[in-house]
Amino acid sequence: MTGQLTDDDVWGSYESRASAGSNRLLNATNLTAAYGGFGRDVVALDDVSVHIDEGEILGIAGESGCGKTTLGSVLSLNARPPLYVRAGAIEIDGKVQQIGQGHKVPRTWRGSVVSLLPQGAMNSISPTMKVSSLVIDVMKAHGRVARNDALDRARDRIESLGLPPRVLDAYPHQLSGGMRQRVITIISTLLNPRLLIADEPTSALDVSSQKQLIEMLKQMLDAKIMSGVIFITHDLPVLHEVADRIAVMYAGRIAEIAPADDIVENPRHPYSASLLNAVLTPDPQIRTRRVFGIPGAPPNLANPPTGCRFHPRCALAMEECSAEDPPHVGNDLVYADCFWTAKNPDVPMPMDKLSAHTNIDTEELIATEAVGADAAAGDLVELGDLSKLAPSSGGNQDRDGDRE
Ligand SMILES: Nc1ncnc2c1ncn2[C@@H]1O[C@H](COP(=O)(O)OP(=O)(O)OP(=O)(O)O)[C@@H](O)[C@H]1O
């Protein structure tokens, strides 16, 4: 990305996959949730709002502990003690559900309106249970469904997505990891939920299985099996491949949301830019490039910093960043919460300054791992077009140069 950006380049140009005339699928507003019972509550979600249009895949990224899984649990109405939702509302198809304290959540929403594919789901299936028994259990949990109807529906769905129907007769250990994850994804959407929340669905998969799962999710969206997906992972290359927009979370809040390409090529929050700077890639053309860690560590959410929560680790922090909450710059679908961005709306993020801020240098690590990376490099680059995730330390112009 070269030259000056206009306001429209930065905030005004986003049209979702459904494009003009699209309908809003989800409005989740002012979600606040905390883990209690340990003395001081850990507020893992602090006044977070998320909006999705029909047909969209929204990726959720961020370091470990920033609140991604908590957001998934709250949005899917699966918050259980010690996690308590303090406030918030979820609106799907115009129906509003208050989910804060004192509000009862209708059981019918879980699974049929919003479905959660939890982290590690594919490894938590009972080894003595055939896939067909799991299908029957899941369908019965959501209403009185005849055994044969449940199996017919699962068989049709499996076939329509190009998987062999015999997987229904298999035990989990008879399926490869990739097949198991695709099967469990199909089962979690048998009720045609409006929104699927998939928490780290690709993390335990090899790259070709990741690609197959991503393609299947897109196929399911096109077939309107569900109308939107929230895809949670810390893996930015995978998110860049799968998501229409990416929300970058930090310390229980959303720092930035933008179209996936924009997050990668023109991040508007120093934290998003720092995350990109920290991506380690085995691409042979760029692995000699320095990779920069983010100095420090995410804060303890029982006692987060005042103002912008990223300010203690931010190379661009100004006086006001520690004193006040940052301004919301943008609109519902595309924004960054940042004082620097508000003051510099047309200026590309100074990647070199962010890189210089840290003394964590992984050059040696890359050199050591380069030999081992050789075998995997081709597949990985093909999957995620990782070169796009490889900002150099020399600013945006150099980043473009790296990709050539
Ligand atoms: N059961 C729990 N009890 C207390 N605190 C918790 C619990 N689960 C999570 N937390 C805290 O809530 C915060 C958010 O955690 P969460 O699991 O949502 O983050 P995450 O971004 O999904 O992390 P990861 O990528 O490691 O899964 C963290 O500070 C974490 O320590």
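Predicted model: local features only at pLDDT ≥ 70, side-chain atom pairs only at ≥ 80, totals over all residues.
User: Which helix does Trp340 lie in?
Analyst: Trp340 sits in helix α12, residues 339–343. Helices (H or I, at least four residues) and strands (E, at least two) are DSSP runs, numbered from the N terminus.

User: And what is Trp340 in contact with, leaving aside its neighbours within four places in sequence?
Analyst: Pro270, Leu316 and Met318 are in contact with Trp340 once those neighbours are set aside. Contact means that the C-beta atoms of two residues, placed from the backbone, lie within 7 Å. Lys95, on the other hand, is 37 Å from Trp340, C-alpha to C-alpha, and 245 residues from it in sequence.

User: Let's zoom out. How many helices and strands does the chain have?
Analyst: The chain has 15 helices and 12 strands. Of its 404 residues, 44% count as buried. Among contacts between residues at least 6 apart in sequence, 70% join residues at least 24 apart.

User: What domains is the chain divided into?
Analyst: Domain 1 covers 24–250 and domain 2 covers 267–355; such bounds come from an automatic or database domain assignment. Their C-alpha centres lie 28 Å apart. The contact between them takes 14 residues from domain 1 and 13 residues from domain 2.

User: Which elements supply the side of domain 1 that touches domain 2?
Analyst: β2 and β9 (245–250) each give at least two residues to that side, with β2 making the largest share at 4 residues. By type, that side of domain 1 has 8 nonpolar, 2 polar and 4 charged residues. Here Ala, Val, Leu, Ile, Met, Phe, Trp, Tyr, Cys and Pro count as nonpolar, Asp, Glu, Lys and Arg as charged, and the others, Gly among them, as polar.

User: How many of the residues of β9 are buried?
Analyst: 6 of its 6 residues are buried. Arg245, Ala247 and Met249 point one way, while Ile246, Val248 and Tyr250 point the other. In a regular strand, side chains alternate between the two faces of the sheet.

User: What about the sheet of 4 strands, in what order do they come?
Analyst: That open sheet goes β2-β1-β4-β5, with antiparallel pairing. β2 and β5 (95–98) are at the edges with a single partner strand each, so one side of each has no neighbour in the sheet. Strand β1 (residues 24–35) is joined to β2 by 8 bridges, and Ala33 stands opposite Leu45 in β2. α2 packs on this sheet, touching β1, β2 and β4 (83–92), and its direction makes about 65° with that of β2. Axes are lines fitted to C-alpha atoms, for helices over the stretch in contact, and angles run from 0 to 180 degrees between N-to-C directions.

User: Last one: how many residues surround the ligand, and which are the closest?
Analyst: 14 residues surround the ligand, the closest being Tyr35, Ala44, Ser64, Thr69 and Thr70. A residue is near a molecule or strand if its C-beta atom, placed from the backbone, lies within 6 Å of it. β2 (42–53) and α2 (68–75) each supply at least two residues of this shell, and α2 gives the largest share, 3 residues. The shell divides into 6 nonpolar, 7 polar and 1 charged.

Definitions and conventions:
Residues numbered from 1 in each chain as written. Buried ≥ 20, exposed ≤ 12 C-beta atoms within 10 Å, placed from the backbone. Pairing = 2+ DSSP bridges.
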